[in-house]
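Me: I am new to this structure and would like to learn how to read its features. Please guide me through them one at a time.

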Amino acid sequence: VSLAAGDAGKRVEVDNTIDWESTGVSLKASFPLTAENRNATYNLGVGTIQRSTNNEHKYEVPHKFWFDLTDKSGQYGLSVLEDCKYGSDKPDDHTVRLTLLYTPSADKCPTWLYQASQDWGIQKVKYGLYAHPGSWAESETQKQAEYLNKPLIAFEAPKHKGTLGKAFSFLQISSSGVGLMALKKAENSDYYIVRVNELTGKDLKNVSLTFPARIADAYEVNGQEQKTGDIKTSDNKLVFDLSHYTIRSFAVRLSPKERINLVQTEVDLPFNEDAMSHDNNRSDGTFYKKPYDPTRHGNLYGYPAEEIPGEIVSEGIVFKMGSREDLHNNVVRCAGQEIELPAGDYNKLYLLAAAYEDLSDDFVVNGHKVNLAISKWHGFMGQHYDRKFDVDGYTVYDVKAPYLKEDDIAWFASHIHFAYPSANVPYEYAYIFKYAIDIDPDTRKIVLPDDPEIRIFAITLVKDPGDDIKMLQPLHDDFSSYPPYRLRPGKHVKLR
């Protein structure tokens, strides 16, 4: 249980680590309050709704980010802030309960009996409590819920004078009653997409969005980023009205300033293997483990060539792909090859690669070994605790450790090809990963590992003037901090 200084001190945060191995039961955090009201307010992400105390047809309700019980006097209340726990209930007029975990018994439905062990493992759950005067709409409930769900993340960059001053904001919103739902690059243009919504159920006039440069063009768009109307601009501001609980989206193009164009050169590679196949000839190219026994056709899977573009662009880096035509080699199977690099003032070498299984090996650059961990070319990028079932499909005999791979995905497909018999394998995702190696301007060659399980798709040299920015906090789950989990023998193992 924690408090913090400043705005974060306005809420109590509760972090829970739960060793869960229960069936047919839910786990709830219960809050008996001095506030009393038959109705509570539940946030829906794009609006709110009031619901009454439980009845026989309403014993669990959905919400997003928060729900609130304000006293019937209207003088005070408490908001429960949740981090990805979207169900709760209200057993009486002064108690609310947040559902943290639920594993059904499923004993009345044998077909789905394996659900009786779902969510077994170590669970980490956070929620917050925010007490306020007046109603939730007059308080900071929305802001405090955002703080809990989206804490500030710190990055470290090399010290430099810079040109933007000590403080810089890409977007400022004039009203605290307006939420920012999205700020992103447009899918098919150099515009930015900004999506906002009204948070407290009030009509707002002359809302302004302020950008760091003059707006060259702007218009309103729908969810498919198609133009639906014009919008008023004033220098670096968008100005518009926003009615209660409304969502509005805009495409914005800022006046060009000095643009940093990456100097980059694609490297020609000695392709020696075909790992891709078209849907009408799935046995053409396969991604297999060496040595290969031609008398056995097991594990002959390949990338779907019809989905792979001639160029893959990842974060501004352009990679030239090999031919996707039948009988053409398109990857380098690593065998200690020396790859000659073109001359130039480059400081980064980016390569696209994948491996038959997760592994690490050394690349040699200017006589120095650089170890890279290369991820498996297909399968899951992450998974929470997964159960191991006996042959009956219902007896849990072990639980796998959770994992999350951090590799940079440059490209992926929704399926792979199976050569013999010819078939598509849906939901077996295929990946090509991007890896970076720091190099000196005088680097003229790279020596690949002598490991046939690693395939190289493309190499691009880049002169990158940007800072090497280091994350000081993870942007993802860090399962290394989880305690080890062991299935307790003799308990909840046989599910029927």
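**Reading the structure**

Reply: Glu-60 is partly exposed, with a relative accessible area of 36%; buried means under 20%, exposed over 50%, and partly exposed in between, with a 1.4 Å probe and protein chains only. The model is a predicted one, in which local features need pLDDT of at least 70, side-chain atom pairs count only at pLDDT 80 or more, and totals for chains, interfaces and linings use all residues. Residues are numbered from 1 along each chain as its sequence is written, and side-chain values use heavy atoms, with hydrogens and water left out.

Me: With which residue does Glu-60 form a salt bridge?

Reply: Side chains of opposite charge can pair when their charged atoms come close. A salt bridge is a side-chain nitrogen of Lys or Arg within 4 Å of a carboxyl oxygen of Asp or Glu. Here the partner of Glu-60 is Lys-28, and their closest N and O atoms are 2.9 Å apart. This pair links distant parts of the chain, 32 residues apart: Glu-60 sits in the loop between β4 (48-52) and β5 (61-62), and Lys-28 in strand β2 (residues 25-32). Strands (E, at least two residues) and helices (H or I, at least four) are DSSP runs numbered from the N terminus. Lys-28 is partly exposed, at 25% relative accessible area.

Me: How many salt bridges does a search of the whole structure find?

Reply: The search finds 25. One of them joins Lys-434 and Asp-408, with the closest N and O atoms 3.6 Å apart. Lys-434 belongs to strand β36 and Asp-408 to strand β35, so the pair ties together parts 26 residues apart in sequence. Lys-434 is buried, with a relative accessible area of 7%, whereas Asp-408 is partly exposed at 31%. Salt bridges that share partners also join Lys-28, Glu-60, Asp-89 and Arg-97 into one network.

Me: Why do the buried residues of α1 line one face of the helix?

Reply: An α-helix has 3.6 residues a turn, so residues three or four places apart point the same way. In helix α1 (residues 141-149), the buried residues are Thr-141, Gln-142, Gln-144, Ala-145, Leu-148 and Asn-149. Seen down the axis of α1, they fall within an arc of 165°, so they line one face of the helix; the arc is that of the directions from the helix axis to the C-beta atoms. These buried residues pack against β1 (12-20), β3 (39-43), β6 (66-70), β7 (76-82) and β10 (121-133). In total, the protein chain has 1 helix and 39 strands.

Me: Which residues have the most contacts inside the largest nonpolar core?

Reply: In soluble globular proteins, nonpolar side chains tend to be buried together. A nonpolar core is a set of buried Ala, Val, Leu, Ile, Met, Phe, Trp, Tyr and Cys residues joined through side-chain atoms within 4.5 Å. The largest one has 53 residues, and those with the most contacts inside it are Tyr-303, Leu-349, Leu-351, Leu-352, Ile-437, Ile-456 and Phe-457. Apart from it lies another core, of 29 residues, among them Leu-100, Trp-120, Tyr-385 and Phe-479. Leaving out residues up to four places away in sequence, Ile-456 touches residues including Leu-269, Phe-271, Leu-351 and Phe-363; contact means heavy atoms within 4.5 Å.

Me: What share of the residues of the protein chain counts as buried?

Reply: Of its 496 residues, 42% count as buried.
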